[in-house]
Every structure is written in C-alpha cells, then in structure tokens.
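Subject: Structure handover

Hello,

Please find the structure below, with the sequence alongside. My notes come after it.

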Amino acid sequence: MVWKLVTYTELYTPIPPYKSTYAIGVAEDESGNKAIVRIDRKYFGRLRSGMLGDVIEEWTVFGTIKRFVPKEEVKVPRVALITGGARGIGSSIAIELAKAGFSIAIADLAYDKEAEKTLETVKSIGVEAVFVAIDVSNRESVEKGVSEVLSKLGRVDVLVNNAGITRDSYLQRMSAEDWEAVIRVNLTGAFHCSKVVSQYMIRTGGGVIVNVSSIVGLVGNVGQANYAASKSGLIGLTYTLAKELAPYGIRVVAIAPGFVKTRMALAVPKSILRDYLKRSPIPRLIEPEEVARLVRHIVENEALNGVVIPIDLGLTISSPRA
Ligand code: NAP
C-alpha cells in the first residue's frame, strides 16, 4: 500500500512527554483513508506535500504510533564546517571528514597558502569544498560566514569548534588583553559558532558539534591560565549544550588532546616539551591525523554525547594534578 503525504508541519520544540522533535502530518492511501502520522526529524528540510511513502505502526511506551516513512529518500551530501581548518589539527580533520564523504567548509581567518593547500587536498578526495573567512571571536563574522556556507553547500551537519590561540605567560605577567584574547577566540568563538550553526541544524534534523578542548582544560598548565580557563570553559559548554540540544538531535562532544605535532605545540619552549615527554607514558607527540580519526569516530558513533574524550597517550593519568 502506497501512502501520500497530504500535509505536514515540522515541530521545532519538543512537546512533553516527548524529549525530541519530529513532524506531524496527514497521509492518505489509494482508497482515500487518512491517518495522522509522525515523521522522523531526519527527514526535516526534505519533506514536501505529495511525497509517497509507507505508513508503519510502531510500538512505543506511549502506545502505538503511526509513522510515515518517505519512499524517495533524497540523498543530500552532508556538510562539515571546521573552524581554524586551514592548518594543523583543523586541516587534518577537514581531510579525514572529506574521506568520510562530507562536503567541507574550511573556516579560517584568511585564505593563505595553508588554506589553499588544505582546500586543494580536500577537493582532490572528490568532495565539494569551500573556504570561508570567519573570525570566530566576532559574532557578525560568524553569522556572515555561516550564511555563506549555507548558500554554497546548503546545510551544516557537523561543526568542529577547533579554532584556537595561545598567549602564554605566568599569571603575574599576563595582561588583561592576553587573557581576553584567548577567551574570546577559544571559548566565546565556540559559543558564537554553536549558537548560529545549531539553529540551522535544528531545522535540518540534527547534527554533531565537536569542541576541541585540551588536556590543559582538565589538569591545568603552568603559564597557561587563560588557555586552561578557555579549554575548561569549553568542557562546561559541551556538557550544557549536550543537554540542551539533544532534543533536537544534536550531539555535543569535546576532545582533550595532549601535545599534538602542529605549529601551536612546536611554539612551546623546548624545556616544557621535554618535561612533557618525560612524564608521558608514551613519550611522543600526537599526530594531527590521530586526532582527526577520533573526531571522525565521534561524528559516526551516535552513542557519544556530552563527554570529554582525552587523546593524550596517557598523560592525564600521569599528571601531577593531585
Ligand atoms: P594551529 O596550528 O595554530 O591552528 C589554529 C588555526 O586556528 C589556524 O589556522 C589559525 O589561523 C586559526 N585561528 C586562530 N584564530 C582564529 C579565529 N579568531 N577565527 C578563526 N580561525 C582562527 O593550532 P592547532 O595545534 O592545530 O590547534 C587546533 C586546536 O586544537 C586549538 O583549539 C588548540 O587549542 C587545540 N589543541 C592543540 C593542541 C596542540 O598540542 N597542538 C593540544 C590540545 C588542543 P591563522 O593561521 O590565521 O592564525
């Protein structure tokens, strides 16, 4: 029996007792019988009146519910937006998610040689890719950049809040400007991007936000009060958004890498790096590709939500935090 979706409405606010959003519609079979149906939010943004599908009965704790399942599942390429995606960890994440079939939006401050190289590598994998200039610390820049991504790629399914900076010094020498600059990029930047992008994810049925924190956010680090505070803040943001956005099908997860072989880590004074390697159970730097593979796993594993996953070669267990 083929059913036709006569009309529908997408509900963007969860209605108690349900803890999720969905669409409600009226479907009609070939004999003119009508049924009120529920439609999964994964079809949001693709539904249209007249669509053909099946109506199936589903047993739930709230009783039997009729569900409409469209027959013509339009394949829409999924899109990942990576901030600070031009180089370092962000570049590796862009390449890894391209390998997973995502169209890629690389967001960074400026289109320089490194951005060009990452963009070309991503395109050579065979997916669509764009560069957008975004300063994550500036709300207007984020709004403009995200709408550019939407107009070029149509949607955002994955947001990786990866852009980050350091301005290291001991507390007594740390200027208020350096404190604020780091918080503005690393923490407020993730707030702006999550706020703007999630409103579109809600309308397209959900998504995943990955926040790139640091083990420094878990255990602190001498000379990095601003950076540690920003990365701990990202963890609080992750826990809260994971609760707030779950009803909309958006998962939020943080990762906490140890020292990763990028320009940021290599700028750390040699003596501190040596000390780090001495303490690490596995004494080496982490490759950016290893971090990228973890991000891909988070994106693909739908059971992960509201957690912080360290990727640190065991450094946190040997940290002198206690
Ligand atoms: P990186 O090589 O310095 O790359 C950071 C990228 O972010 C650069 O492309 C940079 O652009 C961009 N960026 C800086 N400020 C921005 C802003 N306001 N708006 C948009 N983009 C901005 O650093 P990385 O090592 O790959 O680090 C990536 C993330 O991982 C950061 O959040 C970092 O804190 C975190 N992390 C790194 C390590 C590590 O050991 N490397 C460890 C734990 C966590 P420009 O090139 O124009 O400056």
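What follows is a walk through the domains, the strands and the helix packing.

Please keep in mind that this is a predicted model.

Domains

The protein divides into domain 1 (3–70) and domain 2 (79–318). Their centres, taken over C-alpha atoms, are 36 Å apart. The two do touch: nine residues of domain 1 are in contact with eight residues of domain 2.

Start with strand S1 (residues 3–11) and strand S2 (residues 22–29). They run antiparallel and are joined by eight bridges. One place to look is Trp 3, whose bridge partner in S2 is Asp 29.

S2 also pairs with strand S3 (residues 34–39), again in the antiparallel sense, over six bridges. Here Gly 25 has Val 37 of S3 as its bridge partner. S2 and S3 make a hairpin, with four residues between them. Look at Gly 32 in that turn: its phi is positive, at about 90°.

The open sheet

Next comes a sheet of seven strands. It is open, its pairing is parallel, and the order is S8-S7-S6-S9-S10-S11-S12. Which strands sit at the edges? They are strand S8 (129–133) and strand S12 (308–311), each of which pairs on one side only. On average, neighbouring strands of this sheet are turned by 20° against each other, direction ignored.

At the S12 edge, the partner is strand S11 (residues 250–257), and the two pair in the parallel sense over four bridges. Pro 257 is bridged there to Ile 311 of S12.

Helices on the strands

H1 lies across strand S6 (79–83), strand S7 (103–108) and strand S9 (158–161). It runs at about 175° to S6. Helix H2 (residues 113–124) lies across S7 and S8, at about 155° to S8. S7 therefore has both H1 and H2 lying across it, by the 4.5 Å contact cut-off.

H1 against H2

Two packed helices are described by the angle between their axes and the distance between the axes. For H1 and H2, the axes come within 9 Å and cross at roughly 10°. The cut-off for roughly parallel is an angle under 35 degrees, so H1 and H2 are roughly parallel to each other.

From H1, the contact takes in Ser 91, Ala 94, Ile 95 and Ala 98. From H2, it takes in Thr 118, Thr 121 and Val 122. By class, the residues of this contact are four nonpolar, three polar and no charged.

H1 against H9

H1 (residues 88–99) also packs on helix H9 (residues 288–300). What angle do they make? It is about 50°, with the axes 8 Å apart. That makes H1 oblique to H9. The crossing of H1 past H9 is right-handed.

On the H1 side are Gly 88, Ile 89, Ser 92, Ile 93, Glu 96, Leu 97 and Lys 99. They meet Pro 288, Glu 289, Val 291, Ala 292, Arg 293, Val 295, Arg 296 and Val 299 in H9. This contact has eight nonpolar, two polar and five charged residues.

Where to begin

I would open the view on H1.

Best wishes

How values were computed
Residues are numbered from 1 along each chain as its sequence is written. This is a predicted model: local features need pLDDT of at least 70, side-chain atom pairs count only at pLDDT 80 or more; totals for chains, interfaces and linings use all residues. Side-chain values use heavy atoms; hydrogens and water are left out. Axes are lines fitted to C-alpha atoms, for helices over the stretch in contact, and angles run from 0 to 180 degrees between N-to-C directions. Angles under 35 degrees count as roughly parallel, over 145 as roughly antiparallel, 65 to 115 as roughly perpendicular and the rest as oblique. A crossing is left-handed if the near helix is turned anticlockwise from the far one by less than a right angle, and right-handed if clockwise. Ala, Val, Leu, Ile, Met, Phe, Trp, Tyr, Cys and Pro count as nonpolar, Asp, Glu, Lys and Arg as charged, and the others, Gly among them, as polar. Two strands pair if DSSP finds at least two bridges between them. Domain bounds come from an automatic or database domain assignment.
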